[in-house]
Amino acid sequence: PVLEDGSPNNLFSEISETLLAMLLDLLVYPEGPRLRDRVSHGEIDIYSIPSELADWVLAIFTVLCYYYPNEQRCFIGEALRSVLFSVSEYKSLFHPFAIAR
């Protein structure tokens with residue numbers, strides 16, 4: 001994938017395929033929650049977001065903070081290992097092919 005100016009989109013080579021699938025499910029695919037659109041356009045009460053969806057958002061941010069830390073790397077506890085494993089095993093729910101299954 002390339003950007004409008006023809007340069008490569010480095011996001012695709014920088015993050016894992018499973019993390020990218022999670023981001024696309026949450027933010028892009030029409031059948032997904034499109035969370036960014038709904039929150040930014042005031043279409044959803046943030047207090048009514050299902051806890052499962054909030055858990056996945058926190059998992060994504062946790063993984064991004066782990067892989068892109070500031071000067072101090074965080075301690076890898078059992079909870080973080082569990083999150084990293086869950087993200088590594090993620091299968092897209094809202095990709096058109098997943099919906100067609």
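These are my notebook entries on a predicted model of one protein chain.

**Entry 1: the overall fold**

I started with the secondary structure. I counted six helices and zero strands in the protein chain. Read from the N terminus, the order is α-α-α-α-α-α. Next I looked up burial: of the 101 residues, 26% count as buried. The chain exposes about 7,500 Å², and carbon and sulfur atoms supply 60% of that area. I also checked how far contacts reach along the sequence. Taking contacts between residues at least 6 apart, 51% join residues at least 24 apart.

**Entry 2: the core**

Which residues have the most contacts inside the largest nonpolar core? I found L19, I60 and V87, in a core of 18 residues. Helix 2, helix 4 (51-67) and helix 5 (78-88) each supply at least two residues of this core.

Setting aside residues up to four places away in sequence, I60 touches L19, M22, L23 and L26. I looked those four up in helix 2, and L19, M22, L23 and L26 are among its buried residues.

**Entry 3: helix 2 and T18**

Is helix 2 mostly covered or mostly open? It is mostly covered, with eight of its eleven residues buried. My list of the buried ones reads T18, L19, L20, A21, M22, L23, D25 and L26. I noted that T18 and D25 are on that list along with the leucines.

I stayed on T18 for a while. T18 sits in helix 2, which spans residues 17-27. The T18 side chain makes a polar contact with the side chain of S16, at 3.3 Å. Leaving out residues up to four places away in sequence, T18 touches V87, S88 and Y90. V87 had already come up, as one of the residues with the most contacts inside the core.

I moved on to R34, in the loop between helix 2 and helix 3. The phi of R34 is near 40°, a positive value in a residue other than glycine. I have R34 down as partly exposed because its relative accessibility is 23%, and the cut-off for buried is under 20%.

R36 is in helix 3. With a relative accessible area of 48%, R36 is partly exposed; exposed would need over 50%. What does the R36 side chain contact? It has a polar contact of 2.6 Å with the side chain of D37. Apart from neighbours within four places in sequence, R36 is in contact with L27 and H41. L26 itself is buried in helix 2.

**Entry 4: the surface patch**

Last, I looked for nonpolar residues on the outside. V39, I46 and Y47 form a nonpolar surface patch, with about 350 Å² of accessible area together. Where is Y47? I placed Y47 in the loop between helix 3 (35-40) and helix 4. Y47 counts as exposed because its relative accessible area is 74%, against a cut-off of over 50%.

Note on methods
Residues are numbered from 1 along each chain as its sequence is written. This is a predicted model: local features need pLDDT of at least 70, side-chain atom pairs count only at pLDDT 80 or more; totals for chains, interfaces and linings use all residues. Side-chain values use heavy atoms; hydrogens and water are left out. A polar contact is a pair of N or O atoms within 3.5 Å; within protein, one must be able to donate a hydrogen and the other to accept it, and residues adjacent in sequence count only if both atoms are side-chain atoms. Contact means heavy atoms within 4.5 Å. Patches are made of residues with over 30% relative accessible area and no salt bridge: like charges are joined within 9 Å, nonpolar side chains (Val, Leu, Ile, Met, Phe, Trp, Tyr) within 5 Å. Accessible areas come from the Shrake-Rupley method with a 1.4 Å probe; for residues, only the protein chains shown count as cover. A salt bridge is a side-chain nitrogen of Lys or Arg within 4 Å of a carboxyl oxygen of Asp or Glu. Buried means under 20% relative accessible area, exposed over 50%, partly exposed in between (1.4 Å probe, protein chains only). A nonpolar core is a set of buried Ala, Val, Leu, Ile, Met, Phe, Trp, Tyr and Cys residues joined through side-chain atoms within 4.5 Å.
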